[in-house]
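Work through the exercises below with the structure in view. Each task is followed by a stepwise solution.

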Amino acid sequence: MSEFDPKPDNIYQQPQDSVADFAFDQAVARVFPDMIKRSVPGYAETVAMSGIIAGRYARPGSNLYDLGCSLGAVTLAMRHGVQAAGARAEGCRIIGVDNSDSMIERAEHYIALDEASVPVTMTCADILDYPLENASVTALNFVLQFIEPDKRFDLLSRIAQATLPGGALILSEKIRFDPWEQVMQDELHLDFKRANGYSELEIAQKRSAIENVLIPEAHDEHVERLRDAGFFRVIRWYQCFNFVSYLAVK
């Protein structure tokens with residue numbers, strides 16, 4: 001068995017005297033595929049459709065970015081989407097960026113096992129500082145919610161400035177709702193976690209770990225900010241409970 005084989009998510013199975021803030025460290029990297037599959041409804045569809053969107057909006061000789069790429073699932077989906085696009089996306093390269101060494105190390109392993117030929121570079125860096133240019137497609141899936149709110153507009157503006165006319169941003173986020181709907185969406189999300197085998201202890205401890213780290217925003221806030229940042233067409237193309245994906249076109 002390889003050291004890179006994903007492990008079951010049991011990080012919060014045992015009671016913890018003090019639950020630390022959630023971080024994308026080595027322990028999370030080892031269990032991340034299991035964790036996100038059991039925690040984020042619709043994640044597999046979001047990944048697969050990111051590849052399809054990448055294939056449609058990629059332009060010859062351009063860069064495609066997967067910002068906050070974690071283990072590179074979306075990077076790989078984009079790679080195959082671009083390859084399927086053929087001449088419409090000739091000469092493209094894909095760049096995955098994440099600030100976790102543990103995530104990048106594992107992502108590079110998975111990229112190396114993949115047989116697609118589109119060039120891919122994986123980089124350990126802070127996406128708030130990483131230079132962007134000549135972009136036809138950028139993916140920012142379940143990442144903005146972990147960035148300090150007052151830094152989100154600047155990041156989206158930099159992405160928009162680096163995006164070619166007609167290029168696209170794929171943005172996926174956990175969002176918040178009006179109080180009455182929030183209760184319903186939260187209950188459905190909790191039922192999803194229970195159905196995937198998480199105990200009440202695991203759910204409670206994970207909530208404690210993430211509540212000060214993941215800060216969601218409302219649908220209207222996302223749409224308005226994307227437009228203000230420089231994207232003139234914004235659609236919500238997917239939603240499963242409180243997880244939403246947007247397509248923003250420059």
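UniProt positions are given in the numbering used here, feature names are shortened, and annotations may be inferred rather than shown by experiment. The model is predicted: local features need pLDDT of at least 70, side-chain atom pairs count only at pLDDT 80 or more, and totals for chains, interfaces and linings use all residues. Residues are numbered from 1 along each chain as its sequence is written, and side-chain values use heavy atoms, with hydrogens and water left out.

**Exercise 1.** Locate the annotated domain and describe its span.

Step 1. The unreviewed UniProt entry places "domain: Methyltransferase" at residues 66-167.
Step 2. This span is 36% helix and 25% strand, and its end C-alpha atoms lie 14 Å apart. Helices (H or I, at least four residues) and strands (E, at least two) are DSSP runs, numbered from the N terminus.

**Exercise 2.** Which residue forms a salt bridge with arginine 176?

Step 1. A salt bridge is a side-chain nitrogen of Lys or Arg within 4 Å of a carboxyl oxygen of Asp or Glu.
Step 2. The partner is glutamate 221, with the closest N and O atoms 2.7 Å apart.
Step 3. Arginine 176 is in strand S5 (residues 163-176) and glutamate 221 in helix H8, so the pair, 45 residues apart, links distant parts of the chain.

**Exercise 3.** Trace the salt bridges of arginine 194 to aspartate 191 and glutamate 200.

Step 1. The closest N and O atoms are 2.9 Å apart for aspartate 191 and 2.6 Å apart for glutamate 200.
Step 2. Arginine 194 and aspartate 191 are separated by about one helical turn because they are three residues apart in helix H6 (residues 179-195).
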